[in-house]
Amino acid sequence: MGFASFIGKDIGFQNETKRGVVTLRIIYMIMTAAFLIDLIFAGFEVVKKYPYRVVLIFVAMIILFANTYFSNTKVSLTLFLLFTFTYSLAMIPCFGWSAGMQNYFLIMLMLCFFAVHGSLGFKIILTLIVLAVRIVTIFIYSGNKPEVEISEVSGKLIQSTNITAVFLSVVIVSYIYSHRENVAESKLMKYNDRLVREANTDQLTGLCNRRYARDFLNGLSKTKEVGAVSICMGDIDFFKKVNDTYGHDAGDEVLKTVANTLKSECGDSCLASRWGGEEFLLIFTGVNGDDAFVILERLRSLIQKETIKAGEQEINVTMTFGLTEYDFNGDMDKTIKEADEKLYLGKTGGRNRVIY
């Protein structure tokens with residue numbers, strides 16, 4: 001069994017996650033390491049003066065660590081809180097107030113909110129208990145010097161060790177109890193983004209759908225900062241004949257190929273959408289009618305020359321476009337209708353052309 005598997009071993013209680021006990025195991029390891037380092041920096045005189053206290057603390061850490069593999073989270077957490085109180089208050093006389101043993105209360109505060117299961121009121125009560133003990137500790141021990149002489153350098157090293165242990169423990173608690181929520185939130189945001197894209201995208205062509213195009217137009221009608229806006233309605237000529245001759249799969253391939261051409265050739269200033277069936281709505285922002293006409297003529301020529309492969313079939317199609325410019329004073333639906341009427345003129349006038 002590897003180290004990670006050993007630390008991450010689950011407990012045999014139903015309806016409990018292992019997150020709480022894993023957190024406690026890591027904190028016990030950090031506190032034990034800090035305790036041993038403190039003893040090394042303080043010197044043998046501390047062990048000699050407080051042999052029972054030192055041994056009992058060390059044994060208690062080992063027993064409580066082992067207990068996390070057999071007890072449920074609530075019992076393990078309660079024992080940890082009691083031990084941390086005892087550990088901090090017992091070791092302040094050994095290492096002095098400046099050693100920072102009282103800072104371990106911060107770990108208890110974190111666990112009261114993250115690891116304790118209960119109402120907010122219950123968590124607040126636990127927090128107030130921790131605060132009360134912390135205040136009492138100030139009145140009893142504040143400014144106390146260690147009963148065994150510890151050099152100034154060793155004192156600073158002990159203080160640094162305990163601050164590091166508390167810091168690491170707080171980071172561990174924060175990470176373990178926020179990681180799952182952060183991952184879940186990230187997945188939810190991605191899922192919501194996907195739903196929004198699917199709701200606004202035509203599944204066959206990958207273009208924006210009619211609803212998104214209408215929302216986009218409504219947004220444009222409320223601002224004049226984009227400059228000129230040109231609107232074009234385009235339609236594949238004789239598309240029904242393509243379906244009747246080659247089948248609907250071939251027709252779908254034609255729609256997808258035309259849509260890709262629209263996206264690649266119209267540029268960033270154009271929003272291409274599938275309006276319905278074989279009809280496409282192109283919205284040019286910051287482009288006047290004359291410039292849009294040049295773009296559409298190039299687009300019409302490319303589509304006419306393009307050979308679309310659908311299985312073993314090779315299909316050629318043309319498109320007709322009706323183009324108009326929005327003046328920001330009229331109704332947007334009226335502008336769309338005007339583009340549609342010009343498209344109809346192009347259809348009746350011979351197709352494969354741009355009417356402006």
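**A tour of aromatic pairs and the sheet**

Both Phe85 and Phe105 are buried (under 20% relative accessible area with a 1.4 Å probe, protein chains only). This is a predicted model in which local features need pLDDT of at least 70, side-chain atom pairs count only at pLDDT 80 or more, and totals for chains, interfaces and linings use all residues. Residues are numbered from 1 along each chain as its sequence is written, and side-chain values use heavy atoms, with hydrogens and water left out.

Select Phe35 and Tyr87 next: their aromatic pair is edge-to-face, at 5.8 Å centre to centre with 75° between the planes. Rings of Phe, Tyr and Trp (its six-membered ring) pair if their centres lie within 6.5 Å; planes over 60 degrees apart count as edge-to-face, under 30 as stacked and the rest as tilted. Phe35 belongs to helix H2 (residues 19–42) and Tyr87 to helix H5 (residues 73–95), so the pair ties together parts 52 residues apart in sequence. Helices are DSSP runs of H or I with at least four residues, strands are runs of E with at least two, and both are numbered from the N terminus.

Return to Phe85 and Phe105: the ring centres are 5.5 Å apart and the planes stand at 90°, so this pair is edge-to-face.

Now display the open sheet, where five strands run in the order E2-E3-E1-E6-E7 with mixed pairing (two strands pair if DSSP finds at least two bridges between them). At its edges are strand E2 (270–276) and strand E7 (354–355), each pairing on one side only. Finally, select Gly322, which stands opposite Ile355 in E7.

Key:
Buried < 20%, exposed > 50% of the residue type's maximum accessible area, 1.4 Å probe, protein only.
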